[in-house]
Amino acid sequence: MISYIIRRVIAAVILLLVVTAVTFCIFFLLPRLAGQTADQLAQQYIGKSPSAADVAAVKHNLGLDQPVYEQYWHFIKGIVTGADYHFGPTTLHCNAPCFGYSFKNHVAVWPELTQRLPVTASLAIGAAVIWLLSGVTIGVISALRPGSLFDRAFMGVALTGVSMPMFFTGQLALLLFTYQWPIFGRTYVPFTENPAQWANTLIPAWCSLALLYSAIYARLTRSGMLETMNEDFIRTARAKGLHERTVVGRHGLRAALTPIITVFGMDFGLLLGGAVITEKVFSLHGVGEYAVQGITDNDLPKVLGVTLLAAFFVVLFNLLVDLLYAAADPRVRLS
Amino acid sequence: MTELSKTGSAVGEPVAAAGDSAARTSFLDVRDLKVHFPTDDGIVKSVDGLSFALDKGETLCIVGESGSGKSVTSLAIMGLHRLGARGKNVQMHGEIWLDGKELISAPPQDVRRLRGRDMAMIFQDPLSAMHPYYTVGTQIVEAYRVHNDVSRKVARTRAIELLDRVGIPEPAKRVDSYPHEFSGGMRQRAMIAMSLANNPSLLIADEPTTALDVTVQAQILDLIRDLQKEFESAVVLITHDLGVVAEIADQVLVMYGGRCVERGPVDEVFAQPQHPYTWGLLGSMPRIDREQTDRLTPVKGQPPSLINVPSGCAFHPRCPYADVPKDNVTRTQRPELELADGGHWSACHLSTEDRTRIWTEEIAPKL
């Protein structure tokens, strides 16, 4: 078990290195291959009509005059040891873990990310609780009465939920429940400051995001339950004289939930890397919004930082899912 | 072969007037049972008018090919057809009396309380029939506690005791194993232990040895037989293996197309089978004392469609003796069960003389 985890962690680190390398290449090698010069790359970080000396300085500070592999090495080294950036006479130290330095805003990426992560996490956790509870419940009830009015009605709603884009449902929720009837707050308050206010502001965002996911989870649960309830062990459970609710909950749902855990781990990990549209719609200053900023400003270190963070969470939750899976299904051996 | 109640059996006794509970002497009494499944293509008549009776301490074997209604019958007795999403569509008619209680008309909650306590079931494939996520012990504990208000600890002791009884070595250790950690035979023993948790007076075993290899089969059959003697329970054993029947049954019931075509004490049925389908079954069974050069004779043709059951005798399209002249019988007439000596019932249009002649002259010498 321990050796399994160690091996998985090592594999995860290697995977993350590959992800950074690929991302790095996309941002710093591809433009060069496409014909951009180091000067042109550097110019993006300076105002209009820069002098040749300014360009040369920025190019040097960013390390754009070095080969890409060396730039990459500095980036990786910075994560572990921190990095120094020189601006004329001043030297800026970016503490480890240094995930790069945004030259547009003149701040390090990592502190920004850590500051924004709680917002994104608040959004993701709240939405996940709602979509898991509602999705699984609806899925189970639908599966127990396939073809019933409830089943058809909710699968219809689910289809609508999947089909409606976030920027539609989100705006609608905002319009109705924050502006038309101001039930919910408008500005985000950290959980540590005022939990009630925190929840109050986030509810529209949670619900809009959860609508999308719970639709998917309801369908997943429904098909999983339909399959499980036809298994022989369900018949055995009934033959023992168990209550139908025990049969469904303890025997049916337990088996049907395992594959859902897998999907959930992936979805949740991805969301922690930033729910771009939701954050934008609800003006939440989370990781996703930061990525949008980076892309619109062409501020590559920001995008690189968010990409890495997202990749980290996906890899982390994949590992957690595998461990959970082994705990849930005794037939799975971790080796 | 046990000498248990060969004569005192109520198997094959004519159906008494409905509602007359005083006339019911048998422990399990199934009367004119019909189990129909409506589908888009029509009504699947899986069981269509089946009657039999069984006393405690007796073993009834139900034989027949796949789709003859054996398993459906057993699930009907347990009341398992009506549960779950498809349960509402099942049409069940007739009566199932268990120890003086009628089950088909009983409220589902009452039948649930009997399930696992008074009647229990052993399934064909113990690997898929046991929950993969729970230990064998947990599953036995659950079976015991649902009918007994005892602590987990007491139930666990009971589980270990049961595992020991069915011959699982180191039961105190194995109680915490998962089903997939058991071998096939051990798993079936565990399954039997689970079904015995509440000392059921009716034990239904649906092909309990089909998924096991031959040496283990014999052990499991021995175990079922021993347990039956010990607990004096009634056993309904469903099988397509006539070897199993010969080994364990007191009574045998041959099903074809959802109906009983022949039933009676096992000695009678094996000594003088009356129905051409039973002959076919016997002819298709390999025997160690048979001449090596003889080929097995399969029953030709396909099992009947249960939606459009052949008119008249359901077996007539496959019956080699369908063209033997019969008196006063039209093809569309369905043969009813008729009683012969020794509590031996059969449903065939052939005259008794013809049957005796065909059996002694054509069939028996080849077996």
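How much area is buried between chain B and chain A? In this predicted model, the figure is about 2,600 Å², and carbon and sulfur atoms give 57% of that. Below is a quick tour of that interface, then of the helices of chain A, the strands of chain B and a few charged pairs.

**Where the chains meet**

- On the chain B side, 30 residues are in contact with chain A, and 26 residues of chain A are in contact with chain B.
- Y133(B), Y134(B) and E142(B) are the chain B residues that lose the most area to chain A, and together they make up 27% of what that side buries.
- Between chain B and chain A the count is 2 salt bridges.
- E142(B) pairs with K240(A) in a salt bridge, with N to O at 2.9 Å.
- That pair crosses between chains: K240(A) sits in the loop between α9 (232–239) and α10 (244–272) of chain A, while E142(B) belongs to helix α4 (residues 136–145) of chain B.
- Buried or exposed, where do K240(A) and E142(B) fall? Both are buried.
- E142(B) also forms a salt bridge with R250(A), and here the closest N and O atoms are 2.9 Å apart.

**Chain A: helices and annotated spans**

- UniProt, in an unreviewed entry, lists residues 117–325 of chain A as "domain: ABC transmembrane type-1".
- Over residues 117–325 the model is 82% helix and 0% strand, with the end C-alpha atoms 27 Å apart.
- The unreviewed UniProt entry also carries the annotation "transmembrane region" for several stretches of chain A, including residues 9–30 and 201–220.
- Residues 9–30 of chain A come out as 100% helix and 0% strand, and their end C-alpha atoms lie 30 Å apart.
- For residues 201–220 of chain A, the model gives 100% helix and 0% strand, with 30 Å between the end C-alpha atoms.
- Helix α7 (residues 166–180) of chain A has buried residues, among them M166(A), T169(A), G170(A), A173(A), L174(A) and T178(A).

- For chain B, an unreviewed UniProt entry gives residues 30–282 as "domain: ABC transporter".
- Over residues 30–282 the chain is 39% helix and 26% strand, and the end C-alpha atoms are 26 Å apart.
- Chain B has an open sheet of 8 strands with mixed pairing, running in the order β6-β7-β8-β3-β9-β10-β12-β11.
- Elsewhere in chain B, β1 (residues 28–39) and β2 (residues 42–54) pair in the antiparallel sense over 10 bridges, and the two form a hairpin with 2 residues between them.
- In that pairing, L28(B) stands opposite L54(B) in β2(B).
- β1(B) also pairs with β4 (residues 91–98) of chain B, antiparallel over 7 bridges, where H36(B) has Q91(B) as its bridge partner.

- Over all chains, the count comes to 23 salt bridges.
- One of them joins D322(A) and R8(A), whose closest N and O atoms are 2.3 Å apart.
- D322(A) lies in helix α13 (residues 300–328) of chain A and R8(A) in helix α1 (residues 2–33) of chain A, so the pair ties together parts that are 314 residues apart in sequence.
- D322(A) counts as partly exposed at 27% relative accessibility, and R8(A) is also partly exposed, at 22%.
- E112(A), R116(A) and E289(A) are linked in a network of salt bridges.
- In chain B, R117(B) and D118(B) form a salt bridge with 3.5 Å between the closest N and O atoms, and R117(B) is partly exposed at 33% relative accessible area.

Definitions and conventions
Residues numbered from 1 in each chain as written. Chains lettered and ligands numbered in written order. Predicted model: local features only at pLDDT ≥ 70, side-chain atom pairs only at ≥ 80, totals over all residues. Heavy atoms only, no water. Buried < 20%, exposed > 50% of the residue type's maximum accessible area, 1.4 Å probe, protein only. Helix = DSSP H or I, 4+ residues; strand = E, 2+ residues; numbered from the N terminus. Pairing = 2+ DSSP bridges. UniProt positions renumbered as here; feature names shortened; annotations may be inferred. Salt bridge = Lys/Arg side-chain N within 4 Å of Asp/Glu carboxyl O. Contact = heavy atoms within 4.5 Å. Buried area = accessible area lost by both parts, 1.4 Å probe.
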